Amino acid sequence: FFEDTFDSLSFLEKDLLFEICNPKDPCKKTEVADIIFVVDGSSSITADQFLIMQRFMEAVVNDSLVGRDHVQFGAVVYSNAPKQIFQLDKHSTKADVRKAISDLKRERGKTYTATALIYTQQRFGLNYGGRHDVTKILMLITDGATTLEDKPKLKNATESL
């Protein structure tokens with residue numbers, strides 16, 4: 001999915017969750033998945049935009065069955081370097097995940113999106129709370145412009161997802 005503005009995130013949530021659900025079964029909530037939010041915390045993101053990103057993530061959590069046997073969430077915030085804020089098995093309730101999301105802070109700096117994607121792929125592993133045979137979803141939330149120094153790695157980073 002791609003949206004041009006941060007305001008569009010509020011409309012994207014329902015479409016996104018529809019795609020996550022198994023199309024063969026009636027589904028209103030995401031039932032089993034490992035989802036990691038990869039959040040642009042660079043200087044190009046304003047405080048208001050970051051708040052919109054947090055609200056979007058909270059809405060996704062609200063529409064999911066959160067728990068060790070259901071949907072697990074993780075978060076990585078990036079700018080000059082990616083930083084894992086919480087791994088997949090850290091929080092097992094909606095309230096805990098929402099609190100962790102509300103505590104996210106912008107890092108400020110440049111936008112190294114490819115580096116963040118490569119870093120985050122490893123965070124689906126067992127050492128980081130990931131599970132075998134579970135759908136893995138990486139949700140990149142960014143303003144879209146990656147730093148020139150990082151741009152050459154972007155194609156390979158996205159193709160390896």
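Me: Why does phenylalanine 37 count as buried?
Reply: In this predicted model, phenylalanine 37 has 0% relative accessibility and therefore counts as buried; the term means under 20% relative accessible area, with exposed over 50% and partly exposed in between (1.4 Å probe, protein chains only). Phenylalanine 73, also at 0%, counts as buried because of that value. Residues are numbered from 1 along each chain as its sequence is written, and side-chain values use heavy atoms, without hydrogens and water. Because the model is predicted, local features need pLDDT of at least 70 and side-chain atom pairs pLDDT 80 or more, while totals for chains, interfaces and linings use all residues.

Me: What makes the pair of phenylalanine 37 and phenylalanine 73 stacked?
Reply: The structure holds one aromatic pair. The ring centres of phenylalanine 37 and phenylalanine 73 are 5.5 Å apart and the planes stand at 10°, so the pair is stacked. Rings of Phe, Tyr and Trp (its six-membered ring) pair if their centres lie within 6.5 Å; planes under 30 degrees apart count as stacked, over 60 as edge-to-face and the rest as tilted.

Me: Where in the chain do the two phenylalanines of the pair lie?
Reply: Phenylalanine 37 belongs to strand β1 (residues 33–40) and phenylalanine 73 to strand β2 (residues 71–78), 36 residues apart. Strands (E, at least two residues) and helices (H or I, at least four) are DSSP runs, numbered from the N terminus.

Me: How do you know that the buried residues of α3 line one face of the helix?
Reply: Val97, Ala100 and Ile101 are buried in helix α3 (residues 94–102). Seen down the axis, the buried residues of α3 fall within an arc of 100°, so they line one face; the arc is that of the directions from the helix axis to the C-beta atoms.
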